[in-house]
Amino acid sequence: MVQPESLRILGEDWAVIWLGIGAADERAHTDGEKRTIVMGPHAGREDLLHEVIHAIEFSYNLDIDHTELQIVARGIWAICKDNPEFLEYLEND
Ligand SMILES: [Zn+2]
């Protein structure tokens, strides 16, 4: 599956930028003002889910405790990994 270069999040297009190794700042982060998610060279799918939740946080003007956000992201990720048929079910809406 190809890494997405953009995502539609709550009615807005967000860019997803994938950094290469050696970038000045290799951490994944989300820039709500620029509607951009930046993925570090070591970031993967679970990290993207985490950043998407940050995008939702920004879009709804929330201030979610970061530890709780991490836990929710890990929980959703674990449920998706444990239940691939659940994702298929959601896809076929
Ligand atoms: Zn975060």
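Start with L7: its bridge partner in β2 is W14. Strands count as paired here if DSSP finds at least two bridges between them. The names come from DSSP runs numbered from the N terminus, with at least four residues (H or I) for a helix and at least two (E) for a strand.

Two residues sit between the strands of this hairpin, and L10 there takes a positive phi near 55 degrees. Before going on, keep in mind that this is a predicted model, where local features need pLDDT of at least 70 and side-chain atom pairs count only at pLDDT 80 or more, while totals for chains, interfaces and linings use all residues. Residue numbers start from 1 along each chain, as its sequence is written.

Now zoom out. Four strands make an open sheet, in the order β1-β2-β4-β3, and the pairing is mixed. β1 and β3 are at the edges with a single partner strand each, so one side of each has no neighbour in the sheet. From one strand to the next, the twist averages 25 degrees.

What makes the pairing mixed? β2 and β4 run parallel, joined by four bridges, whereas β3 and β4 run antiparallel, joined by three bridges. T36 in β4 is a handy landmark: T36 is the bridge partner of A15, and D31 stands opposite T36 too.

β3 and β4 form a hairpin with four residues between them. R35 is in the loop between these two strands, and its phi is near 50 degrees, a positive value in a residue other than glycine.

Next up is helix α1, residues 45-59.

Which residues of α1 are buried? They are L48, H50, E51, H54 and A55. Looking down the axis of α1, these buried residues fall within an arc of 155 degrees, so they line one face of the helix. The arc is taken from the directions that lead from the helix axis to the C-beta atoms. The background is simple: an α-helix has 3.6 residues a turn, so residues three or four places apart point the same way.

What does this face pack against? The buried residues of α1 pack against β1 (6-9), β2 (12-18), β3 (29-31), β4 (36-39) and α2 (66-82). The helix lies across β1, β2, β3 and β4, and runs at about 45 degrees to β1. Axes here are lines fitted to C-alpha atoms, for helices over the stretch in contact, and angles go from 0 to 180 degrees between N-to-C directions.

## From α1 to α2

Just after α1 comes N61, with a positive phi of about 55 degrees. N61 lies in the loop between α1 and α2. It counts as exposed, because it has 7 C-beta neighbours inside 10 Å.

In helix α2 you'll find A73, which counts as partly exposed because it has 19 C-beta neighbours inside 10 Å. Leaving aside neighbours within four places in sequence, A73 is in contact with L49, H50 and I53; contact means that the C-beta atoms, placed from the backbone, lie within 7 Å. A73 and V52 are 21 residues apart in sequence, with 9.2 Å between their C-alpha atoms.

## How confident is the model?

The predictor's confidence in each residue is pLDDT, from 0 to 100. Its mean for the protein is 94, with 100% of residues reaching 70 or more. Where is confidence lowest and where is it highest? It is lowest in helix α3 (residues 84-91), at a mean of 91, and highest in β1, at 98.

Terms used. Buried ≥ 20, exposed ≤ 12 C-beta atoms within 10 Å, placed from the backbone. Contact = placed C-beta atoms within 7 Å.
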